[in-house]
Amino acid sequence: MPSPNKVKEADNILSRFIRLFYSKDGYVSCFTCGKAYRISEMQNGHFIPRGNMTLRFSIMNCFPQCKECNEYKDGNEAKYREALTEKFGIAHVEYLDKKKNVIKHWTDFELDELIQKLKTKVKTMEKTQ
Ligand SMILES: [Zn+2]
């Protein structure tokens with residue numbers, strides 16, 4: 001089992017990465033409703049809920065979402081599925097639906113690698129902001 005702190009750190013840096021990656025001029029659009037907000041107001045929304053450790057840190061499964069879609073609408077799943085299919089094709093959604101049944105146990109070492117990789121990318125993106 002990975003340490004909860006590592007999981008939390010990976011969640012945080014991935015969220016930063018996802019929001020920065022899809023942002024433009026400090027704003028980012030919600031993947032499921034299209035409304036644009038400041039990066040800091042946005043969240044990292046998971047299509048397959050983040051309790052699933054196989055897809056928790058997958059960039060195929062993570063896109064920016066507003067608080068309303070992510071929290072109040074519980075991920076806005078139907079709309080999420082629609083947007084994923086529209087943007088990436090049905091094969092993308094089918095892949096995630098299949099992959100979610102695979103069991104993944106992260107080690108602290110693997111999470112450290114992921115965290116470092118994302119940190120480097122975030123730093124580069126922050127420089128060009
Ligand atoms: Zn939204």
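I started with C66, and it is buried because its relative accessible area is 3%. For my cut-offs, buried is under 20% relative accessible area, exposed is over 50% and partly exposed is in between, with a 1.4 Å probe and protein chains only. C33 comes out as partly exposed, at 33% relative accessibility.

A note on the source: this is a predicted model, where local features need pLDDT of at least 70, side-chain atom pairs count only at pLDDT 80 or more, and totals for chains, interfaces and linings use all residues. Residues are numbered from 1 along each chain as its sequence is written, and side-chain values use heavy atoms, with hydrogens and water left out.

Next I checked what holds the zinc ion. I found C30 (SG), C33 (SG), C66 (SG) and C69 (SG) coordinating the zinc ion at 2.3 to 2.4 Å. Donors here are N, O and S atoms within 2.8 Å of the metal (3.2 Å for Na, K and Ca); water is not among the atoms, so sites may look incomplete. The angles between the four donor atoms run from 104 to 115°, so the arrangement is tetrahedral (four donors qualify if all angles lie between 85 and 135 degrees).

I then read the donor spacing along the sequence as C-x2-C-x32-C-x2-C. C33 sits in the loop between strand 2 (27-29) and strand 3 (36-38), and C66 in the loop between strand 5 (62-65) and helix 2 (67-72), so this pair ties together parts 33 residues apart in sequence. Helices (H or I, at least four residues) and strands (E, at least two) are DSSP runs, numbered from the N terminus.

Strand 5 was my next stop. C62 and P64 on one side, and F63 and Q65 on the other, are all buried, leaving both faces covered. In a regular strand, side chains alternate between the two faces of the sheet. Strand 5 pairs with strand 4 (residues 43-46) in the antiparallel sense over four bridges (pairing takes at least two DSSP bridges), and Q65 is the bridge partner of Q43.

Last, I looked at helix 5 (residues 108-127). Its buried residues are L111, L114, I115, L118, V122 and M125. They cover an arc of only 100° around the axis, which puts them on the same side of helix 5; the arc uses directions from the helix axis to the C-beta atoms. On the other side, F109, K117, T120, K123 and K127 are exposed.

Note on methods:
Tetrahedral: all angles 85-135°; square planar, octahedral: opposite > 155°, others 65-115°.
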